[in-house]
Amino acid sequence: MAEELSAQRRVRRERDLFVAHELIGDVLLAQGDPAAALESYQASLTIAAGHLAADPEDASWWRSLSDSHDTIGDVLMDQGSLAGALESYQASLIATEKLLDAEPGNADWQRDLAISHIKIGDVQMASRELAAALQSYTASLAIVEQLVLLQPANTEWLRDRSISHERMGDALSAQGGH
């Protein structure tokens, strides 16, 4: 019993430290220091990865890992580091796929996967990898179409569908309308 309580406390401390690094990163980013923010976000990522190494079935830490990769990708994208952003977004996508392997019907995680495809497509567009971007946007659309079928009045999913269509149109236009 004491060992279980100790383990629970350790996980709570890890979670608190993870959140603290995320919040510090947010403040540093708001203050205009993306390099320091990235260090803080990387520290939170390291905590999540460390926890998953010990307990690879913990869905909450997979979600945290995905979110950290996503945040790091956003900062790198804003800095113009396309290769780094792509790597982070792809890692986020992989973590989300891991979540969906365990719970395929989770609509929130399906939406997260669709958003990962959009972000990957955005990097590919910025890198002028137009065919790859179109594939990413198409993958996003396929997911959100299924979500909209489940709840046709869900405005968030309708918006996601609209974004997927818009990005696909941008990719096609950039390819010369093919």
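R63, D67 and D112 are linked with one another in a network of salt bridges, where a salt bridge is a side-chain nitrogen of Lys or Arg within 4 Å of a carboxyl oxygen of Asp or Glu. By that rule the count comes to 9 salt bridges. Before I go on, please keep in mind that this is a predicted model, in which local features need pLDDT of at least 70 and side-chain atom pairs count only at pLDDT 80 or more, while totals for chains, interfaces and linings use all residues. Residues are numbered from 1 along each chain as its sequence is written, and side-chain values use heavy atoms, with hydrogens and water left out.

Let me take three further pairs. D74 forms a salt bridge with K119, and their closest N and O atoms are 2.8 Å apart. This pair links distant parts of the chain, since D74 sits in helix α3 (residues 59–78) and K119 in helix α5 (residues 107–126), 45 residues apart; helices here are DSSP runs of H or I with at least four residues, numbered from the N terminus. D74 counts as partly exposed because its relative accessibility is 27%, whereas K119, at 17%, counts as buried. The cut-offs are under 20% relative accessible area for buried, over 50% for exposed, and partly exposed in between, with a 1.4 Å probe and protein chains only.

The next pair is R111 with D160, whose closest N and O atoms are 2.5 Å apart.

E145 is partly exposed at 27% relative accessibility, and R161 is partly exposed at 26%.

Now to the nonpolar side. In soluble globular proteins, nonpolar side chains tend to be buried together. A nonpolar core here is a set of buried Ala, Val, Leu, Ile, Met, Phe, Trp, Tyr and Cys residues joined through side-chain atoms within 4.5 Å. The largest one has 43 residues, of which W61, W62, L65, I72, M125 and Y137 touch the most other members. Which element gives the most to this core? It is α6, with 9 residues.

Finally, W61 is in contact (heavy atoms within 4.5 Å) with V11, E14, R15, F18, I47, A48, H51 and L52, leaving aside its neighbours within four places in sequence.

How values were computed:
Helix = DSSP H or I, 4+ residues; strand = E, 2+ residues; numbered from the N terminus.
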